[in-house]
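The entries follow the order in which I looked.

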Amino acid sequence: MRFETEGTTLVATLEGRLDTTNAPATEAELLKRLGTGAVVLDLAGLSYISSAGLRVVLVVAKRLKPTGRRFVLAGLQPHIREVFEVSGFLSILDVAADRAEALARV
């Protein structure tokens with residue numbers, strides 16, 4: 001997991017797998033770094049996400065919602081996008097084609 005800042009926006013880049021083995025640490029690190037600006041979660045390098053990984057995304061989204069700060073997912077590979085679609089998350093989350101589009105939205 002890599003973190004960068006674009007203006008006041010936190011960009012978190014996840015790669016590989018997000019599952020029960022690393023979801024708790026990923027969630028803790030994301031929540032610790034949320035700051036005060038928008039958040040872009042770049043998933044272009046993610047090859048697998050489990051229900052535990054989906055929970056991480058939902059926890060971050062729920063933490064940001066009451067603050068009015070933007071949260072955008074970026075770069076979902078087709079198989080990852082399908083998991084988000086089947087779970088119903090695409091209807092409740094903002095999803096951009098790539099990092100540049102996500103940053104333009106925030």
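I began with Glu29 and Arg33, whose side chains meet in a salt bridge at 2.6 Å, N to O, where a salt bridge is a side-chain nitrogen of Lys or Arg within 4 Å of a carboxyl oxygen of Asp or Glu. The two residues are 4 apart in helix H1 (residues 23-33), which means that about one helical turn separates Glu29 from Arg33; helices (H or I, at least four residues) and strands (E, at least two) are DSSP runs, numbered from the N terminus. Arg33 has a relative accessible area of 40% and is partly exposed, a class lying between buried (under 20%) and exposed (over 50%), with a 1.4 Å probe and protein chains only.

I note for the record that this is a predicted model, in which local features need pLDDT of at least 70 and side-chain atom pairs count only at pLDDT 80 or more, while totals for chains, interfaces and linings use all residues. Residues are numbered from 1 along each chain as its sequence is written, and side-chain values use heavy atoms, with hydrogens and water left out.

By the same rule I find a count of 10 salt bridges. Next I looked up Asp94, whose side chain meets that of Arg70 in a salt bridge (2.3 Å, N to O). Asp94 lies in strand E5 (residues 94-96) and Arg70 in the loop between helix H2 (51-64) and strand E4 (71-74), so this pair ties together parts 24 residues apart in sequence. Arg70 is partly exposed, at a relative accessible area of 36%.

Asp94 also has a salt bridge with Arg105 (2.3 Å, N to O). Because Arg105 lies in helix H4 (residues 99-105) and Asp94 in strand E5, this pair ties together parts 11 residues apart in sequence. Arg105, too, is partly exposed, with a relative accessible area of 31%. Through shared partners, salt bridges join Arg70, Asp94, Glu101 and Arg105 into one network.

Which side chain of opposite charge is nearest to the buried Asp42? I found Arg99, 4.4 Å away, and Asp42 has no salt bridge; Lys and Arg count as positive and Asp and Glu as negative, with His and the chain ends not counted. Asp42 sits in strand E3 (residues 39-49) and, neighbours within four places in sequence aside, is in contact (heavy atoms within 4.5 Å) with Ala12, Thr13, Leu14, Ala74 and Arg99.

I then returned to H1, where the buried residues are Ala23, Thr26, Glu27 and Leu30. They cover an arc of only 100° around the axis, which puts them on the same side of H1, the arc being that of the directions from the helix axis to the C-beta atoms. These buried residues pack against strand E1 (2-6), strand E2 (9-18), E3 and H2, whereas the face turned away from them carries the exposed Pro24, Ala25 and Lys32.

Last, I looked at the strands. E1 and E2 pair in the antiparallel sense over 5 bridges, pairing being called when DSSP finds at least two bridges between two strands. E2 and E3 run parallel and are joined by 8 bridges, with Gly16 having Leu46 in E3 as its bridge partner. I find E2 mostly covered, with 7 of its 10 residues buried.
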